[in-house]
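I opened the notebook to go through one model, entry by entry.

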Amino acid sequence: MLSIEQATRTLRKLLKRVEGTESIPIEEALSRVPQGSISAPIDLPPFRSSAMDGYALCGPPEIEPGSRFRVCGESRAGHPYLFPLGMGQACRVFTGSAIPENTTAVVIQEEVKHDKSSIVVLQEVNTNDNIREQGTDIRKDQPLTLGYEALSPYTLSWLAACGIEKVEVVRKIKVAVFCTGDELRDPGESLGEGDIYDSNRMSLKLLLRRKPVELIDLGKLADDYDQIKTKIKSVLDEVDLVITSGGVSVGDADLVRPVIEDIGTLEFWNIAVKPGKPFAVGRLNDTMFFGLPGNPVSTIITFLMFVEPSIDILSGLPWQTPARFRAKLVEHISHRAGRAEFQRGYVVNDIQGLKVQPTGDQSSHRLGSFSRCNCLIVIPAHRDNLHPGEIVELYLLPGCRNLV
Ligand code: AMP
Ligand code: MG
């Protein structure tokens with residue numbers, strides 16, 4: 001059995017970024033990985049502008065209270081005043097409007113007294129006050145991205161602000177998904193004796209939606225060696241990754257593993273982790289194979305801890321687990337040394353720091369353990385029982401918001 005660290009190391013050795021890129025509109029580039037860094041095509045802001053509604057002044061470096069300026073024009077956003085200011089002149093400006101040449105500083109409108117055609121400054125104003133200098137957000141040719149980050153709404157907005165229309169990104173990862181089990185029915189179907197509903201395919205498809213993935217849903221398969229083999233072989237030339245759930249343990253109906261041994265190389269299939277022990281990783285020519293355990297909680301946890309970071313590597317990103325924190329445990333957790341464990345937990349941001357507790361019964365068939373769960377509590381393999389007051393590590397679940 002491999003430890004989490006050994007499994008991670010093995011995976012990182014096996015995986016490399018896929019070949020191929022495409023140019024797409026930035027609006028479609030959320031979560032995609034740019035090919036190399038993206039440079040700013042212009043200075044941002046593109047011109048020297050006002051940070052406030054007020055008056056652009058041309059005067060000495062320190063403008064004393066009581067100084068008077070003659071207002072000679074107005075600059076509105078999109079409608080600049082095109083003449084340079086002379087000493088003692090002012091121009092009415094608004095937030096974001098271009099300021100005229102020779103502007104020393106902008107005084108905000110609340111800090112002036114004005115009569116017909118002039119203003120008197122009420123507070124001291126210093127050189128460059130309330131001015132947004134050209135290129136202070138980013139300079140032309142400086143990198144907007146470093147090339148190893150998935151594009152976020154924030155970065156993509158920045159690209160838009162620089163006038164970038166399209167971006168060259170790593171192509172999508174092609175992933176085929178199916179689950180196995182004679183007992184599985186789709187939601188909406190009626191359950192026969194001993195049947196259960198297939199939830200794993202839903203988990204996988206929805207978790208994969210957050211990734212730059214083109215998904216082929218191969219449905220659910222019976223526990224049938226030939227059917228499983230034929231299905232996998234049918235997509236091998238098409239996909240980078242096959243993900244299955246179920247049938248990777250050691251029972252008579254666990255046929256996925258033997259199929260992988262038959263048509264490819266099984267790299268490992270057992271990790272010292274709870275839940276998620278039977279987790280098969282193989283190679284089928286150029287296609288990676290992940291056989292996730294059938295228990296619904298195990299499927300989700302092995303996906304988050306191993307499959308998702310693997311997809312990141314295929315997409316050109318570093319290996320990334322969910323965000324890791326430390327928190328004070330507020331409840332006893334029973335654990336026997338041997339396997340590492342991920343317990344579903346609920347972390348709150350208390351005045352004294354983060355506090356976490358498990359979400360009740362942790363059996364690996366209980367999707368209910370995810371209810372009110374926002375993190376996975378890490379219990380290292382060597383640990384016995386954990387006690388209230390201990391500091392534990394946890395992974396924040398992707399998509400979780402404030403810790404209330
Ligand atoms: P297996 O790994 O095939 O031995 O399955 C382990 C447990 O997970 C069994 O109780 C299965 O019925 C259950 N299981 C397997 N596949 C699914 C699935 N797609 N959705 C929900 N439960 C499943
Ligand atoms: Mg099964």
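Predicted model: local features only at pLDDT ≥ 70, side-chain atom pairs only at ≥ 80, totals over all residues.

**Entry: a sheet of six strands.** I traced an open sheet in which six strands follow the order β16-β13-β17-β21-β20-β18, with mixed pairing. Which strands stand at the edges? I found β16 (213-221) and β18 (265-270) there; each has a single partner strand, so one side of each is left without a neighbour in the sheet. I noted that neighbouring strands of this sheet are turned by 15 degrees against each other on average, with direction ignored.

**Entry: β18 and its partner.** I looked at β18 and strand β20 (residues 278-284), which pair in the antiparallel sense over four bridges. I picked out Phe268, whose bridge partner in β20 is Val281. I then saw helix α1 (residues 4-14) packing on the sheet, where it touches β18, β20 and β21 (287-292). The direction of α1 makes about 160 degrees with that of β18.

**Entry: a helix across the strands.** I followed helix α4 (residues 225-235) next. Helix α4 lies across β13 (173-180), β16, β17 (241-245), β20 and β21. I wrote down an angle of about 165 degrees between α4 and β16.

**Entry: the other sheet I traced.** I read the strand order of this open sheet as β7-β3-β6-β5-β9-β8, six strands with mixed pairing. Its edges are β7 (105-108) and β8 (112-114); I noted that each has a single partner strand, so one side of each is left without a neighbour in the sheet. The twist from one strand to the next averages 40 degrees. I checked strand β3 (residues 54-57) against strand β6 (residues 89-93) and found antiparallel pairing over four bridges. Ala56 has Cys91 as its bridge partner in β6.

**Entry: ligand 1.** How many residues surround ligand 1? I have 16 residues on record, and the closest are Glu183, Asp198, Ser199, Gly247 and Gly294. I looked up three of these contacts in turn. For Glu183, an N or O atom in the side chain is 2.5 Å from an oxygen atom of the ligand. For Asp198, an N or O atom in the side chain is 2.8 Å from a nitrogen atom of ligand 1. For Gly294, a backbone N or O atom lies 3.0 Å from an oxygen atom of ligand 1.

**Entry: aromatic rings.** I reminded myself that a pair of aromatic rings is described by the distance of the centres and the angle of the planes. Counting pairs with ring centres within 6.5 Å, I have five aromatic pairs. I found that Phe268, Phe279, Phe290 and Phe306 form one aromatic cluster. Phe268 is also the residue I paired with Val281 above.

**Entry: charges over rings.** I looked for arginines over ring faces. Arg257 lies over the face of Trp269, at 3.7 Å from the ring centre. Arg372 lies over the face of Tyr346, at 4.2 Å from the ring centre.

Entry: Where is Pro45 found? I placed Pro45 in the loop between β1 (21-25) and β2 (49-50), and the peptide bond joining Leu44 to Pro45 is cis, with omega about -10 degrees. I also noted a cis peptide bond from Lys274 to Pro275, with omega near -10 degrees. Pro275 has its place in the loop between β19 (273-274) and β20. Last, I looked up Asn285, which has a positive phi of about 55 degrees although it is not a glycine. I located Asn285 in the loop between β20 and β21.

Methods
Residues numbered from 1 in each chain as written. Chains lettered and ligands numbered in written order. Heavy atoms only, no water. Phe/Tyr/Trp six-rings, centres within 6.5 Å; stacked < 30°, edge-to-face > 60°. Lys NZ or Arg CZ within 6 Å of the ring centre and 35° of its normal. Pairing = 2+ DSSP bridges. Helix = DSSP H or I, 4+ residues; strand = E, 2+ residues; numbered from the N terminus. Axes fitted to C-alpha atoms, helices over the stretch in contact; angles between N-to-C directions. Contact = heavy atoms within 4.5 Å. Near = heavy atom within 4 Å. Polar contact = N/O pair within 3.5 Å; in protein donor to acceptor, adjacent residues only side chain to side chain.
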